[in-house]
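Me: I'd like to learn how to read a few features of a protein model. Could you walk me through one?

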Amino acid sequence: MFNAHKNDESGAQSRNEPRLLTYNFFMRPPLIKNNFSDYKEFRLEYFIRNVLKEYDIICLEEMFQFGSSRRTRLLEAARKEGFNYSLTSPCNTVFNLAIDGGLVMLSKFPIKERDILIYPSGVHSDRFSDKGALYAKIELAQNNVIHLFMTHTQASYVSAPPLTDKSVLVRQEQLSLLRKFIDKCTLNALPEELIILVGDLNVNSRPQPDSSNVNGDTDEYLNMIKILSGEGIEANQIDASASPDKRIYNNSKIVSVKDVLKERYEHHPITFGDVIVADDGTVSPKETVLTGKDDLLAQASLDYVLLIGTDQSKKRVTIDIQRTRVEEFFVSDASVTQLSDHYGVSTCLISS
């Protein structure tokens, strides 16, 4: 069972061009923290007071239910703001030691169909969380629908892991399962219906800061796009004994994958571990309260809005590329400098 919630439809209010936010909220279970405190209560209340009202569809990663009432309080506050529909990762019983997947989808528009995917156990600390993906067929105004997928995949706990690293291998397997999940959920989708994938995919698309091609793509990012498109990747990338012409994670149906953030900025913007560069070239972290010490200068791009499928110009609903942006959510005069250790990504949906 997945957790789906519906409130009275009469309260739904929406913009003609609804705003979509995807955000790793870094709202981990109690007692887990990187530094002195994660200031979870302050950040949750600030988000409820100042951020909820600015959007029409919100996808939150790391909004865990385990061990606290915070997710319940968020859902209650969201309903008061007109988010009459929501979908969340399932809660585990006391007999299951794994924590939930931490996914929350909020919508002011009706969710007509829904489904959930739970990935097999991950590695490192991720093995204790039921990470996965959520799917919602959301009906916007004028009977236009979007197929919205959100996910949070296996994390890596070292910078620039090789393609043979365990965390990368798990992540690639999850992406392959995700592609199959997308196919299953959109089997009867019409060609003019938009398919969107958002979330913290934990694939760093930005080359290392000392790279000669800092505005290029990483190998793992290119592999992610190949897996999601159905092209698949070369098996010998992870197994030296594999035939050079053998491919894995491939799919009989090849689709296009458009990276909205990359198209908007013409490079991969930083969404995690951002920095300040002084006039003399000195680099310092922008955020130090929530971010772990090993990630302070990561300068990584981990969060995505991806369009999956055929020619986007034929869709009834499109993404406004120029109004897509990284949301920093900085906070002034508080114990924290920003609402999470990640930035969010927002965009606008335009109905034809």
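Me: Where is the place of H124?

Reply: Happy to start there, and keep in mind that this is a predicted model. H124 sits in the loop between β6 (111–118) and β7 (132–139). Its phi is near 55°, a positive value in a residue other than glycine.

Me: Is H124 buried, exposed or partly exposed?

Reply: Buried means under 20% relative accessible area and exposed means over 50%. With a relative accessible area of 38%, H124 is partly exposed. Compare L31, in the loop between β2 (19–27) and α1 (40–50). L31 also is not a glycine and has a positive phi, of about 75°. L31 counts as exposed because its relative accessibility is 84%.

Me: Which strands form the open sheet, and in what order?

Reply: Six strands form it, in the order β6-β7-β8-β9-β15-β12, with mixed pairing. The edge strands, β6 and β12 (256–259), each pair on one side only. From one strand to the next, the twist averages 20°. Within this sheet, β6 and β7 run antiparallel and are joined by seven bridges; for example, D115 has Y135 in β7 as its bridge partner. Helix α3 (residues 166–185) packs on the sheet and touches β6, β7, β8 (145–152) and β9 (194–200). The direction of α3 makes about 155° with that of β6.

Me: Which way do the side chains of β5 point?

Reply: The general idea is that side chains in a regular strand alternate between the two faces of the sheet. In β5, V104 and L106 point one way, M105 and S107 point the other way, and all are buried.

Me: What does the charged residue D100 have around it?

Reply: D100 lies in the loop between β4 (85–88) and β5 (104–107). D100 is buried yet has no salt bridge. The nearest side chain of opposite charge, R71, is 4.0 Å away. The D100 side chain does reach the backbone nitrogen of Q65, at 3.1 Å. Leaving aside residues up to four places away in sequence, D100 touches several others, including M63, F64, Q65, F66, R71 and D130.

Methods:
Residues are numbered from 1 along each chain as its sequence is written. This is a predicted model: local features need pLDDT of at least 70, side-chain atom pairs count only at pLDDT 80 or more; totals for chains, interfaces and linings use all residues. Side-chain values use heavy atoms; hydrogens and water are left out. Helices (H or I, at least four residues) and strands (E, at least two) are DSSP runs, numbered from the N terminus. Buried means under 20% relative accessible area, exposed over 50%, partly exposed in between (1.4 Å probe, protein chains only). Lys and Arg count as positive and Asp and Glu as negative; His and the chain ends are not counted. A polar contact is a pair of N or O atoms within 3.5 Å; within protein, one must be able to donate a hydrogen and the other to accept it, and residues adjacent in sequence count only if both atoms are side-chain atoms. Contact means heavy atoms within 4.5 Å. Two strands pair if DSSP finds at least two bridges between them. Axes are lines fitted to C-alpha atoms, for helices over the stretch in contact, and angles run from 0 to 180 degrees between N-to-C directions.
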